Amino acid sequence: MKTLSVSLPGRSYDILIGSGLLAQAGQHLRPVLPRARKLFVVTDSNVAPIYLSTLVPALEHCGFETACQELPAGESSKSAAMLSTLWENMMDFGLTRTDAVVALGGGVVGDLAGFAAATILRGVDFVQIPTTLLAQVDSSVGGKVAIDLQHGKNLAGAFWQPRLVLMDPDTLDTLDDRTFADGMAEVIKYGCILDRAFFDFLALRPSRGEIMEEIEHVLYTCCDLKRSVVEEDERDTGRRMLLNFGHTVGHAFEKMGHYQTWTHGQAVAAGMCVAARLGLSLGIGGSEEELLSLTKLLQAFDLPVHIPCSDTDWAVMVETIGLDKKGAGDSIRMIFLEALGRAAAVKMKKADVLEQLAALYGRTSP
């Protein structure tokens with residue numbers, strides 16, 4: 001088992017990575033939740049039939065009383081209506097401020113359950129048990145929790161750090177290839193923005209089988225890179241913005257496809273290529289050779305490197321850029337590559353960003 005500690009002012013938590021940890025969950029949760037009597041477990045319709053029968057006995061064996069909430073799988077569950085349902089069911093269960101919420105699933109489950117934990121009773125502890133590659137390397141670490149609004153993704157949320165993150169890489173064996181590739185987009189992102197040697201490591205292993213042979217190293221490296229950034233900038237006002245490489249345009253791609261056509265990872269993959277191309281056009285850094293290396297690695301995992309933009313899609317792009325959370329007034333922080341392994345946040349006028357995107361897509365900027 002590998003262990004990482006995230007140290008923040010006044011609190012810290014561990015990330016545990018190891019095969020078989022799901023069946024040992026209770027013994028790892030009990031020390032970090034010594035006063036908890038009840039655990040409210042949030043999962044989804046994909047994960048529940050596979051892993052609840054392992055997790056619940058492991059928790060109850062260590063003296064926890066559990067209640068389980070199964071959500072419909074998919075982005076649509078990250079809604080205000082579902083959040084309200086969780087709140088009411090937590091109260092029906094008799095959850096108190098010394099009890100806790102457990103998120104068992106992918107990023108949707110973790111984001112929603114974490115936001116519920118951050119807000120019920122003005123905040124209770126929660127534990128992340130991510131079961132997808134994307135959640136293990138990204139959304140389960142760092143304390144960002146949120147729901148979606150009609151205007152866009154993750155627009156209502158909080159910073160609420162977990163008490164523990166427990167990752168069992170065995171859960172990745174049940175993912176289909178598309179969902180596994182979804183997570184690889186975020187894995188590749190870390191190499192792009194923070195660690196050229198890690199990017200090169202991935203480039204030498206361009207298949208799911210080769211990555212799984214080194215999965216604990218991959219998970220540890222990604223989480224360690226994110227840990228270092230979160231410890232420096234928990235509230236996403238400085239260096240943590242680098243983690244949004246590919247996400248500004250990526251979120252627009254997701255919305256263009258009504259959160260169904262393109263997965264988060266697919267949208268981010270294409271978004272990274274757009275950002276790299278714009279950085280080249282603006283003279284910020286990178287090279288055509290590095291862009292080719294990025295596209296080649298993304299394509300090895302069947303991730304898109306270009307997503308077309310119709311007239312209707314362009315209107316969505318304009319709206320999404322305007323509402324991006326990294327924006328302030330009429331400006332936005334765009335993340336560009338200075339070189340593979342090194343990124344920079346560049347403040348730009350939103351109108352200038354849209355002008356650059358319009359040129360890329362052959363559109364008239366608004």
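These questions and answers cover helix packing, aromatic rings and backbone angles in a predicted model.

Local features need pLDDT of at least 70 and side-chain atom pairs count only at pLDDT 80 or more, while totals for chains, interfaces and linings use all residues. Residues are numbered from 1 along each chain as its sequence is written, and side-chain values use heavy atoms, with hydrogens and water left out.

Visitor: Are helices α11 and α12 roughly parallel or roughly antiparallel?
Guide: Helices are DSSP runs (H or I, at least four residues) and strands likewise (E, at least two), numbered from the N terminus. Helix α11 (residues 264-281) and helix α12 (residues 288-300) pack at about 175°, with axes 10 Å apart. Axes are lines fitted to C-alpha atoms, for helices over the stretch in contact, and angles run from 0 to 180 degrees between N-to-C directions. Under 35 degrees counts as roughly parallel, over 145 as roughly antiparallel, 65 to 115 as roughly perpendicular and the rest as oblique, so α11 and α12 are roughly antiparallel.

Visitor: How do the residues of the contact of α11 with α12 divide?
Guide: Contact means heavy atoms within 4.5 Å. From α11 come Ala 269, Met 272, Cys 273, Ala 276, Arg 277 and Leu 280, meeting Glu 288, Leu 291, Leu 294, Thr 295 and Leu 298 of α12. Ala, Val, Leu, Ile, Met, Phe, Trp, Tyr, Cys and Pro count as nonpolar, Asp, Glu, Lys and Arg as charged, and the others, Gly among them, as polar. The division is eight nonpolar, one polar and two charged.

Visitor: How are α11 and α14 oriented to each other?
Guide: The axes of α11 and helix α14 (residues 350-361) come within 11 Å and cross at roughly 105°. Val 274, Arg 277, Leu 278 and Ser 281 of α11 make the contact with Gln 356, Leu 357, Leu 360 and Tyr 361 of α14. The orientation is therefore roughly perpendicular.

Visitor: Is the pair of Phe 40 and Phe 93 stacked or tilted?
Guide: Rings of Phe, Tyr and Trp (its six-membered ring) pair if their centres lie within 6.5 Å; planes under 30 degrees apart count as stacked, over 60 as edge-to-face and the rest as tilted. Here the centres are 6.2 Å apart. The planes stand at 55°, so the pair is tilted.

Visitor: How many residues apart in sequence are the parts that Phe 40 and Phe 93 tie together?
Guide: Buried means under 20% relative accessible area, exposed over 50%, partly exposed in between (1.4 Å probe, protein chains only). Phe 40 is buried at 2%, and Phe 93 counts as buried at 13%. Phe 40 lies in strand β3 (residues 38-44) and Phe 93 in helix α3 (residues 80-93), so the separation is 53 residues.

Visitor: Where does Leu 121 lie?
Guide: Leu 121 has a positive phi of about 55° although it is not a glycine. At 29% relative accessibility, Leu 121 counts as partly exposed. Its place is the loop between α4 (107-119) and β6 (125-130).

Visitor: Is Asn 154 buried or exposed?
Guide: Asn 154 is in strand β8 (residues 152-159). Its phi is near 60°, a positive value in a residue other than glycine. With a relative accessible area of 17%, Asn 154 is buried.
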